[in-house]
Amino acid sequence: MYLPSNVNANCGIYRIVNKANGKFYIGSSKDLSERRGEHLRLLKLKKHPNDYLQKAFNKVEDKSVFEFQAFIFCKEEDLLSMEQSCMDIMKPEYNLSKIAGKIDHTPEVRAKMRKRKKEFFESEKSEEFRK
């Protein structure tokens with residue numbers, strides 16, 4: 001594969017494909033290896049912020065049906081425009097927002113976030129931060 005010298009081979013657009021049903025999520029990262037690990041870690045912990053992706057991951061017994069695929073490599077300054085183009089053309093089913101770089105939380109996710117925030121501020125850890 002040829003990459004121009006000003007393009008980082010670890011910076012680009014990726015998708016997470018559910019090979020069982022063909023549905024996928026599209027994202028971008030300046031560090032694809034790190035991003036892959038972060039998605040996998042959060043999915044395994046059942047703490048991924050994307051409810052659609054998390055629910056689909058939880059449903060399958062064989063987690064290997066989910067595959068991380070980097071498919072475009074680009075300069076960091078082109079990430080969002082490239083991601084948006086891919087989203088417009090490919091129409092990913094698991095993305096919460098149809099706008100690259102924007103996170104639209106579902107009412108369910110917002111409720112979870114409020115609950116966690118409330119629990120944190122009522123916890124002992126919160127006391128440590130107040131001192």
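## Reading a predicted chain, one feature at a time

Trainee: How many helices and strands does the protein chain have?

Mentor: Helices (H or I, at least four residues) and strands (E, at least two) are DSSP runs, numbered from the N terminus. The protein chain has five helices and three strands. Their order from the N terminus is β-β-α-α-β-α-α-α.

Trainee: What share of the 131 residues is buried?

Mentor: Buried residues are 33% of the 131. As for the surface, the protein chain exposes about 9,000 Å², and carbon and sulfur atoms supply 53% of that. Those areas come from the Shrake-Rupley method with a 1.4 Å probe; for residues, only the protein chains shown count as cover.

Trainee: How do I read a helix, and what span does α1 have?

Mentor: The expected span of a helix is 1.5 Å times one less than its number of residues. Helix α1 covers residues 32-44, which is 13 residues, and its first and last C-alpha atoms are 18 Å apart, close to the expected 18 Å.

Trainee: Which residues of α1 are buried?

Mentor: They are Leu32, His39, Leu42 and Leu43. Seen down the axis of α1, these residues fall within an arc of 100 degrees, so they line one face of the helix. The arc is taken from the directions from the helix axis to the C-beta atoms. Glu34 and Lys44, on the other side of α1, are exposed.

Trainee: What covers the buried residues of α1?

Mentor: The cover includes β1 (12-18), β2 (24-29), α2 (51-59) and β3 (66-73). Cover is judged by contact, meaning heavy atoms within 4.5 Å.

Trainee: Which residues make up the largest nonpolar core?

Mentor: A nonpolar core is a set of buried Ala, Val, Leu, Ile, Met, Phe, Trp, Tyr and Cys residues joined through side-chain atoms within 4.5 Å. Here the largest has twelve residues: Tyr14, Ile16, Tyr25, Leu32, Leu43, Leu53, Ala56, Phe57, Val60, Val65, Phe66 and Tyr94. At least two residues of this core come from each of β1, α1 and α2. The most come from α2, which gives three. Apart from this core lies another, of ten residues, including Cys11, Val17, Leu79 and Cys86.

Trainee: What is Tyr14 in contact with, leaving aside neighbours within four places in sequence?

Mentor: Among its contacts are Tyr25, Leu32, His39 and Phe68. For the protein chain as a whole, take the contacts with a separation of 6 or more: residues 24 or more positions apart account for 57% of them.

Trainee: Where is Ala100 placed?

Mentor: Ala100 is in the loop between α3 and α4. At 13% relative accessibility, Ala100 counts as buried. Not counting residues up to four places away in sequence, Ala100 touches Leu80, Glu83, Gln84 and Met87.

Trainee: Which phi does Lys46 have?

Mentor: Lys46 has a positive phi of about 60 degrees although it is not a glycine. Lys46 sits in the loop between α1 and α2 and counts as exposed, at 58% relative accessibility. Lys91, also not a glycine, has a positive phi of about 50 degrees. The place of Lys91 is the loop between α3 (79-90) and α4 (107-121), and its 57% relative accessibility counts as exposed.

Trainee: How many disulfides does a search of the whole structure find?

Mentor: A disulfide is a covalent bond between the sulfur atoms of two cysteines. The test is a pair of cysteine sulfur atoms within 2.5 Å. The search finds zero. For Cys74, the closest cysteine sulfur is that of Cys11, at 5.1 Å, too far for a bond. Cys74 is buried, at 6% relative accessible area. Cys86 is in no disulfide either, and the nearest cysteine sulfur, in Cys74, is 8.7 Å away. Cys86 counts as buried at 7% relative accessibility.

Conventions:
Residues are numbered from 1 along each chain as its sequence is written. This is a predicted model: local features need pLDDT of at least 70, side-chain atom pairs count only at pLDDT 80 or more; totals for chains, interfaces and linings use all residues. Side-chain values use heavy atoms; hydrogens and water are left out. Buried means under 20% relative accessible area, exposed over 50%, partly exposed in between (1.4 Å probe, protein chains only).
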